[in-house]
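I opened my notebook to look up a few things in this structure. My entries follow.

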Amino acid sequence: MYVFINNKKTKEHQREGKMDCHVNQQHLVIKSFYFFFLAGQACLKPFLPVYQRQLGLTTIHTGIITGVQPFIGMLVRPLIGAVADRHNRHAEMVSVAMVIVMAL
């Protein structure tokens with residue numbers, strides 16, 4: 001493994017046990033949010049079909065619900081981004097999206 005120092009590959013720091021590692025402090029909050037959010041989703045998503053079966057949904061309904069979610073996101077995200085870009089209201093669009101997601 002190589003360590004980049006001053007745009008040069010060196011193995012000196014690796015042999016000495018030193019490693020230049022920098023964490024952008026400005027992005028630490030959002031990075032930690034995404035880490036914990038996606039970790040939570042990874043724990044819950046495998047059990048959603050089981051939960052839907054307990055609610056009485058058939059395997060066809062469960063498959064449709066699970067399969068349609070990515071396509072809806074694929075269509076809605078660019079539309080929301082275009083509206084936010086056109087009206088230059090990015091913060092408001094994020095707030096509205098969060099309220100809609102919490103309501104669901």
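**Overall layout**

I read the elements of the protein chain from the N terminus on, and they run β-β-α-α-α-α-α. That gives five helices and two strands. Helices (H or I, at least four residues) and strands (E, at least two) are DSSP runs, numbered from the N terminus.

I noted that this is a predicted model: local features need pLDDT of at least 70, side-chain atom pairs count only at pLDDT 80 or more, and totals for chains, interfaces and linings use all residues. Residues are numbered from 1 along each chain as its sequence is written, and side-chain values use heavy atoms, with hydrogens and water left out.

Next I looked up burial. The protein chain has 104 residues, and 6% of them count as buried. Buried means under 20% relative accessible area, exposed means over 50%, and partly exposed is in between (1.4 Å probe, protein chains only). The chain exposes about 9600 Å², and carbon and sulfur atoms supply 67% of that area. Such areas come from the Shrake-Rupley method with a 1.4 Å probe; for residues, only the protein chains shown count as cover.

I looked up Thr 62, which is found in helix 4. Is Thr 62 buried or exposed? It counts as buried, because its relative accessibility is 7%. A polar atom of its side chain lies 3.0 Å from the backbone oxygen of Thr 58.

Which residues does Thr 62 contact, leaving aside neighbours within four places in sequence? I found Pro 49, Gln 52, Arg 53 and Leu 57. Contact means heavy atoms within 4.5 Å.

I then followed Gln 52, which lies in helix 3 (residues 48-54). Gln 52 counts as buried, because its relative accessibility is 12%. Not counting residues up to four places away in sequence, Gln 52 touches Leu 57, Thr 62, Ile 65 and Thr 66.

**Entry: a nonpolar patch**

I looked for nonpolar side chains on the surface. Ile 60, Ile 64, Val 68, Ile 72, Leu 75, Val 76 and Ile 80 form a patch there, with about 610 Å² of accessible area together. Patches are made of residues with over 30% relative accessible area and no salt bridge; like charges are joined within 9 Å, nonpolar side chains (Val, Leu, Ile, Met, Phe, Trp, Tyr) within 5 Å. I checked Ile 64, whose place is in helix 4 (residues 59-87). Ile 64 counts as partly exposed, because its relative accessibility is 48%.

**Entry: the salt bridge**

How many salt bridges does the structure hold? I found one. Glu 92 forms it with Arg 89, and the closest N and O atoms are 3.9 Å apart. A salt bridge is a side-chain nitrogen of Lys or Arg within 4 Å of a carboxyl oxygen of Asp or Glu. Glu 92 is partly exposed at 42%, and Arg 89 is partly exposed at 46%.

**Entry: aromatic pairs**

I searched the whole structure and got three aromatic pairs. Phe 33 and Phe 37 form a stacked pair, 5.8 Å centre to centre, with 15 degrees between the planes. Rings of Phe, Tyr and Trp (its six-membered ring) pair if their centres lie within 6.5 Å; planes under 30 degrees apart count as stacked, over 60 as edge-to-face and the rest as tilted. Both Phe 33 and Phe 37 lie in helix 2 (residues 28-44), four residues apart, about one turn of the helix.

Phe 35 and Phe 36 form an edge-to-face pair, 5.2 Å centre to centre, with 75 degrees between the planes. Phe 35 and Phe 36 are exposed. I also noted that ring pairs link Phe 33, Tyr 34 and Phe 37 into a cluster.

Definitions and conventions
A polar contact is a pair of N or O atoms within 3.5 Å; within protein, one must be able to donate a hydrogen and the other to accept it, and residues adjacent in sequence count only if both atoms are side-chain atoms.
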